[in-house]
Amino acid sequence: YLPRCPASRTTIDKYGIASDGLPGEGFKAILGTDMAPGRVGNPLRFLGVRRWIVELPRPGEGEGRLILNPTEAETEAYAMVPLAAPYAHERGGGLHDAVPGCLSNAASRTRACGVVLLDTGAPGLAVANGSLEPERWSSGAPAALDLFDATGGLAARATLTLGLRDQGTRLSFRRESRVFGVVIYAGVAPYYAYSVLYDAGHQRIGLKARPPSPAADGPRAVALAPGG
């Protein structure tokens with residue numbers, strides 16, 4: 001029982017997922033398209049899709065894009081990052097598509113490093129099991145999300161401004177006993193900075209910098225190392 005759950009703010013017929021409890025907002029259902037096997041299979045795999053690209057709509061823009069079985073030309077210039085196996089796959093659940101990375105705070109020079117989970121259905125950032133001081137991660141602070149390639153080198157970096165709801169950068173901290181080590185739940189923020197390629201055949205994720213968001217404080221891709 002969670003008395004502060006957003007679902008408690010409206011009736012069940014008017015509640016939508018990720019609506020913050022606002023009546024008539026949000027989604028009736030969310031269907032995952034991850035790369036790991038699960039009790040509910042990825043519908044794209046059943047359609048014969050082996051790679052797909054997600055370009056999420058950003059504040060101030062129109063519709064997003066889902067590109068199925070992109071051509072070789074369409075997948076050029078993506079920086080490829082490996083899944084954080086066996087960490088994620090051993091534990092299953094929501095960490096199946098996690099990748100190695102760090103979230104750093106430029107103002108306080110602190111950072112959390114572990115596995116990073118991108119999630120189109122999560123509106124904010126969260127750090128689980130990190131030994132950080134929340135007061136040093138205040139709203140408005142400049143931050144960066146770094147993702148690493150198979151050699152441990154920097155593959156992609158997105159600069160963020162913490163605390164912006166419209167840009168998915170509100171940050172929270174929590175402890176999770178069901179997982180070991182640090183987990184960075186990156187939510188939608190990476191999708192605002194990157195076009196994201198899912199390569200199920202090779203079990204890896206690719207990122208390509210998108211043009212700056214119309215929102216002045218939106219996440220920006222500032223470094224990208226194609227290859228992998």
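**Salt bridges, a disulfide and one asparagine**

Modeller: R157 and D146 meet through their side chains in a salt bridge, 2.6 Å from N to O, the term standing for a side-chain nitrogen of Lys or Arg within 4 Å of a carboxyl oxygen of Asp or Glu. R157 lies in strand β8 (residues 154-161) and D146 in strand β7, so the pair ties together parts that are 11 residues apart in sequence; strands here are DSSP runs of E with at least two residues, and helices are runs of H or I with at least four, numbered from the N terminus.

Colleague: Before I go on, what kind of model is this?
Modeller: This is a predicted model, in which local features need pLDDT of at least 70 and side-chain atom pairs count only at pLDDT 80 or more, whereas totals for chains, interfaces and linings use all residues. Residues are numbered from 1 along each chain as its sequence is written, and side-chain values use heavy atoms, with hydrogens and water left out.

Colleague: OK, and is D146 buried or exposed?
Modeller: D146 counts as buried at 7% relative accessibility, while R157 is partly exposed at 31%; buried means under 20% relative accessible area, exposed over 50%, and partly exposed in between, with a 1.4 Å probe and protein chains only.

Colleague: How many salt bridges does the whole structure hold?
Modeller: The search finds eight, and one of them pairs R210 with E61, whose closest N and O atoms are 3.6 Å apart. R210 lies in the loop between β12 (204-209) and β13 (220-224) and E61 in the loop between β1 and β2, so this pair ties together parts that are 149 residues apart in sequence.

Colleague: Switching to cysteines, which two are joined?
Modeller: C102 is joined to C113 in a disulfide, with 2.0 Å from S to S, where the cut-off for a pair of cysteine sulfur atoms is within 2.5 Å. The torsion about their S-S bond is about 110 degrees, so the disulfide is right-handed. C102 is buried at 4% relative accessible area, whereas C113 is partly exposed at 34%.

Colleague: Last one: where is N129, and what does its side chain reach?
Modeller: N129 sits in the loop between β6 (125-128) and β7 (142-148), and its side chain reaches the backbone nitrogen of E176 at 2.8 Å. N129 is also buried, at 16% relative accessibility.

Notes. Polar contact = N/O pair within 3.5 Å; in protein donor to acceptor, adjacent residues only side chain to side chain.
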